[in-house]
Amino acid sequence: MSFNLLKNKRGIIFGALDENSIAWQVAIKAHEEKGSFILSNTDMALRKGEIFHLAELTNAKVIAADVTSVDDIESLLIESMNELGGKLDFILHSVGMSPNVRKNIHYTELNYDYFHRTLDISAMSLHKVLAVAKKIDALNEYASVVTLSYIGAQRQFSSYSDMSQAKAMLESIVRSFGYHYGRHKKVRVNSISQSPTQTTAGKGVGGFDSFYAYSRCMSPLGNATAEECAEFCMLMFSDYSRKVTMQNIFHDGGFSNMGISDELIGNCFTCSDDCDEK
Ligand SMILES: NC(=O)c1ccc[n+]([C@@H]2O[C@H](COP(=O)([O-])OP(=O)(O)OC[C@H]3O[C@@H](n4cnc5c(N)ncnc54)[C@H](O)[C@@H]3O)[C@@H](O)[C@H]2O)c1
């Protein structure tokens, strides 16, 4: 079903790697809603090749950019405006990566070069995209910039590691830049805090299956899928959310307001034999 929510809107979608990616589903929905957009990812992701299939499905052009490079971002934004025929109305920043998580390094022994890289790729990159867009005036009034976060920004999830700090920084950039860009040109900046989702980045986090099952047990509506997240992004890119900015919005089936659920008590966990509390 399409409501033409993005008709006459132009955008950039960062982060579609394969069909499990949240950004992939966002591109499919944005195309259905009649938006026109550029797909962007790293050279390495482009070499994997699947993004070109998405480009065919959505009639989009693919432009490589590393989100840690201000020069790449500037070229991407200029080329996107030329290609699409004007300033942009929406950006999806769906990018995250922790070398520490990837290499299974324990949180108490983080490699600090990797930690810098986690923060640069997963958080500071949003600042860079917004700063370049503002500098070259790439966004129309009421344009909507959406990034993806996780509740590990607020609460401790033992294997989420330095991604917790990255998401906390990301959500803080949403508020700070959202203020400045809102005052400057009514541009909106929000993060969506999504349920655990079966993607390459998601499954890279240790114990992902337990995160997923626990979250499903705790959420009255169940985990939100990538496709449901994409539908929510359409609302956030549309004019129907034009006064929403500087927010971190939980799209998690109710998980974030739960303490304990009947499902968790009944089904999921029991005390192990060596538990001190037994
Ligand atoms: N999967 C989950 O459980 C979940 C839950 C909440 C939030 N998120 C967030 O959603 C976003 C998208 O992740 P996903 O789950 O779709 O996984 P994904 O692995 O499909 O997407 C991550 C993307 O980041 C891209 N990327 C990494 N380094 C980059 C760089 N330097 N420059 C440009 N792109 C780069 C990757 O190529 C990939 O396309 C991430 O921010 C992730 O933290 C995911």
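I began with the pairing of strand S1 (residues 10-14) and strand S2 (residues 36-41), which run parallel and are joined by 5 bridges; strands here are DSSP E runs of at least two residues, helices are H or I runs of at least four, both numbered from the N terminus, and two strands pair if DSSP finds at least two bridges between them. In this pairing I found Ile13 opposite Leu39 in S2.

I noted that this is a predicted model, in which local features need pLDDT of at least 70 and side-chain atom pairs count only at pLDDT 80 or more, while totals for chains, interfaces and linings use all residues. Residues are numbered from 1 along each chain as its sequence is written.

I then followed the whole sheet, which is open, has 7 strands with parallel pairing, and takes the order S3-S2-S1-S4-S5-S6-S7. Strand S3 (61-64) and strand S7 (248-251) stand at the edges with a single partner strand each, so one side of each has no neighbour in the sheet.

Next I looked up a helix on the sheet: helix H4 (residues 70-84) lies across S1, S2, S3 and strand S4 (88-93), running at about 150° to S2. Angles run from 0 to 180 degrees between N-to-C directions, with axes fitted to C-alpha atoms, for helices over the stretch in contact; contact means C-beta atoms, placed from the backbone, within 7 Å.

Last, I turned to the ligand, which 27 residues surround, the closest being Ser21, Gly96, Thr199, Ala201 and Gly202; a residue is near if its C-beta atom, placed from the backbone, lies within 6 Å. Helix H1 (22-32), strand S5 (139-149) and helix H8 (200-203) are the elements giving two or more residues to this shell, and H8 gives the most, with 3 residues.

Key
Two residues are in contact if their C-beta atoms, placed from the backbone, lie within 7 Å.
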